[in-house]
Amino acid sequence: MSADKIQIFDTTLRDGEQAAGSRLGVREKLEIARQLSRLGVDIIEAGFPVSSPKDFEAVELLSREIEGVTICALSRAVAADIEACGKAIAKAKKSRIHTGLGVSDIHIAGKFSDAKYGLTLGKKKVNAIRMAVEAVKLARSFTDSVEFYCEDSGRADPEYLYEMLEAVIDAGATVLNIPDTTGYAIPAEYGNLIKSIGEKVPNIDQAIISVHCHDDLGMAVANSLAGVLNGARQVECTINGVGERAGNAAMEEVVMAIRTRKDFFDVVTDINTKHFYRTSKMVAEMLGFEVAANKAIVGSNAFAHSSGIHVDGFLKKRETYEIMKPEDVGSPKSKVVLTARTGRHGVKHRLEELGYTLSKEELEEIYQRFLVVADKKKEVFDDDLIAIISDQVREVEHVYELEYLHVSCGTGIVPTASVKIKTKDGTIQKATDGDGPVDAAYQAIREATGLDPKIEKYSIRAVTEGKEALGEATVRISNADGKAFLGRGVSTDIIEASAKAYVDAINRMVSAEMLGNEEITLEL
Ligand code: KIV
Ligand code: ZN
């Protein structure tokens, strides 16, 4: 027997857009809808037409432009709303109206407080069923696909909910939405509610049950899956889980859970999961909500390994620490994030990927330098590593070694620097001032080495991103004969990088002079 299909009902453009602080333009909605259609969703809830002319326009535009997907419009159980939906979806090849009202006592008492809905809660509840039936009948005059939402089902009296559902199915509703509007439900409880609907609503075979869960307690995805396990065959969700308050169930999480644990759920979706990453980026960008690095499936760390034990296991066998492949969700390939906790194996692996073949001793030296950088930065990037290596492998004889550097500068004070330079004969310490912090450091180095090469060129650049980026300083000096020598220095502190570059250049000059004045390197 083939596995049941779960319909994926996307509400990024409606409930997702209700997230505080976000508003999508009509053109943006069209772009996202095109991407959702590539992704393979079954239904796109395009908006709430009566709420604003822009929402009406968006639903109308998507109805004209998007084919192969059902375009759905939201309404309250109010004639004017439903008529606006009817007009907006008129051009859609496949359309749906999603209408409904609150069914919990809190909603009925609160929203229908006006005496015209009845003087007692009981009367109001009877009236609500009548309004629901009328709404469904009116919606059916525009489209054959009518979904009814029982807002706040998560806190409703189940007996009343069954009564409402039976009535709206009789009136022509084809899909029954059981929203946990306030994100109040617990998975076992919500699962039981869905199951009981399957058992207690006599005409349930004429409709499909949909789940619509909010994330106020962080259980939207778990509740949606509990619903699926108990008979729901449509899941309402949004990309990145965006939506009212804490948001809706994240589509990428629901779908990947179903796919990854097919053994458990035994259902399928038509989603082409390879589009998840791109869709997530597009929605994040257009709604202006960044995706958290640790967000499941689409976060930048979702396939990143950092700690030594994990990196070691992952590099030996991917499955040790990955239950999904990044390519299955269109994410860039798994990466080892180099941090102070990564370990030698991870660093060696990355160096090999970058094309370096190093001896055990070289690797150890690089690793020690890597640790110094990693302690200062959160993440060590490829360019950091390359800079460390070029600094390391280009080393010439260290006639002079910068052992200590202290610079003080600021507004209204003369920059001063003090350095300790180590030589084979001991350590020389000098302190002096200068026109700026780098100039002061260079002056102190000149005094400590007793050398005064001409500085031909000096440059500094950030080799990596972020405020803790590594800076690479390059200095070209020339000796009395006009021969040029290039020095480089790398550090997260640009003054230190500059000083190291200067000492490096001086070492090259001195080494060359010892070797008979051969130039070591000339080009910047
Ligand atoms: O959360 C909710 O109850 C809703 C309905 C309008 C479907 O979004
Ligand atoms: Zn909702």
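A polar contact here means a pair of N or O atoms within 3.5 Å; within protein, one must be able to donate a hydrogen and the other to accept it, and residues adjacent in sequence count only if both atoms are side-chain atoms. This is a predicted model, where local features need pLDDT of at least 70 and side-chain atom pairs count only at pLDDT 80 or more, while totals for chains, interfaces and linings use all residues. Residues are numbered from 1 along each chain as its sequence is written, chains are lettered from A and ligands numbered from 1 in the order in which they are written, and side-chain values use heavy atoms, with hydrogens and water left out.

Let's start with ligand 1. An oxygen atom of ligand 1 lies 3.1 Å from a polar side-chain atom of His-212. Arg-14 also takes part, with a side-chain N or O atom 3.0 Å from a ligand oxygen, and for His-214 the distance is 3.0 Å.

Now for the metal. The zinc ion (ligand 2) has Asp-15 (OD), His-212 (NE2) and His-214 (NE2) as its protein donors, 2.0 to 2.1 Å away; donors are N, O and S atoms within 2.8 Å of the metal (3.2 Å for Na, K and Ca), and water is not among the atoms, so sites may look incomplete. Along the sequence, these donor residues follow the spacing D-x196-H-x1-H. Asp-15 lies in the loop between strand E2 (7–10) and helix H1 (26–39) and His-212 in strand E8 (residues 208–213), so the pair ties together parts 197 residues apart in sequence. Helices (H or I, at least four residues) and strands (E, at least two) are DSSP runs, numbered from the N terminus.
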